[in-house]
Amino acid sequence: MGQSSHFRYHIGQKVHSTARKKDICITELMLETLPVMRGVLIQVALRKETITYKQLSVALDRRYYPYQGVLGDALDVLSEDCIDHDERSLAALVVRGDTSEVGYAFLGDAAAEREVCYQHWAKELGA
């Protein structure tokens, strides 16, 4: 699978996660999955909804399982990419199935971030 032109990452690159204060290494799997994840979450934003970690895992053909923390790494990289592109964090749309709240590492007001994210993508894509 090719890399989306949106992402400027390469295999082995370290991306610093502001939320979890750690470096995350870009793997081949992550590089292939990030464009798919971004597309799924943009669709969620256009519907003004949220998606659970488990639903996102299924949408990603279970490339990442929601219970192993590695989905969080991919979401952190996606968040950093959103920040780099002056976009709101798409990770605000991903919630726990048991609480309907974002994961522990999310920084900021998730509800407010979601609203801005919904508005951004509606405007960006003319929806």
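I take a polar contact to be a pair of N or O atoms within 3.5 Å, where within protein one must be able to donate a hydrogen and the other to accept it, and residues adjacent in sequence count only if both atoms are side-chain atoms. I am working on a predicted model, in which local features need pLDDT of at least 70 and side-chain atom pairs count only at pLDDT 80 or more, while totals for chains, interfaces and linings use all residues. Residues are numbered from 1 along each chain as its sequence is written, and side-chain values use heavy atoms, with hydrogens and water left out.

I looked up aspartate 76 and found it in helix α3, residues 70-84 (helices are DSSP runs of H or I with at least four residues, strands runs of E with at least two, numbered from the N terminus). Its side chain makes a polar contact of 2.9 Å with the side chain of serine 17. Aspartate 76 counts as buried because its relative accessibility is 10% (buried means under 20% relative accessible area, with a 1.4 Å probe and protein chains only). Leaving aside residues up to four places away in sequence, I noted that aspartate 76 touches Ser17, Ala19, Arg20 and Ile24 (contact means heavy atoms within 4.5 Å).

I then turned to the strands. β1 (residues 14-17) and β2 (residues 22-25) run antiparallel and are joined by four bridges (strands pair if DSSP finds at least two bridges between them). Valine 15 of the pair stands opposite isoleucine 24 in β2. Four residues separate the two strands of this hairpin, and lysine 21 in the turn has a positive phi of about 50 degrees.

Key:
Buried means under 20% relative accessible area, exposed over 50%, partly exposed in between (1.4 Å probe, protein chains only).
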